[in-house]
Amino acid sequence: MKYIIAVIKPHKLDPVREALTALGVSGMTVTEVKGFGRQKGQTEIYRGAEYATNMVP
């Protein structure tokens with residue numbers, strides 16, 4: 001058994017899934033994550049209060 005971890009952009013999920021299916025992979029787990037980098041974060045509104053977050057999808 002092999003354990004592979006890959007971080008990919010959401011729009012690449014379908015092509016990756018199709019390629020893995022063609023190779024005989026029968027299952028996968030997908031998790032949506034957030035991180036930070038050069039984008040400098042974004043401002044969000046939660047329950048009427050505005051706050052800045054450094055995490056982006």
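**View 1. The salt bridge between Asp14 and Arg17 in the predicted model****.** In this predicted model, Asp14 and Arg17 are joined by a salt bridge whose closest N and O atoms lie 3.6 Å apart, and the structure holds one such salt bridge. Both residues belong to helix 1, where they are three residues apart, or about one turn of the helix. Side chains of opposite charge can pair when their charged atoms come close.

**View 2. The surroundings of the two paired residues, Asp14 and Arg17****.** Asp14 counts as partly exposed because its relative accessibility is 45%, a value between the limits of 20% for buried and 50% for exposed. Arg17, its partner in the salt bridge, has a relative accessible area of 37% and is therefore also partly exposed.

**View 3. Helix 1 and strand 1, the elements with the highest and the lowest mean pLDDT****.** Among the elements of the protein chain, helix 1 has the highest mean pLDDT, at 93, whereas strand 1, formed by residues 42-46, has the lowest, at 72. For the protein chain as a whole the average pLDDT is 82, and 91% of the residues score at least 70. Where pLDDT is low, the predicted coordinates should not be read in detail.

Notes
Residues numbered from 1 in each chain as written. Predicted model: local features only at pLDDT ≥ 70, side-chain atom pairs only at ≥ 80, totals over all residues. Heavy atoms only, no water. pLDDT = per-residue confidence, 0-100. Helix = DSSP H or I, 4+ residues; strand = E, 2+ residues; numbered from the N terminus. Salt bridge = Lys/Arg side-chain N within 4 Å of Asp/Glu carboxyl O. Buried < 20%, exposed > 50% of the residue type's maximum accessible area, 1.4 Å probe, protein only.
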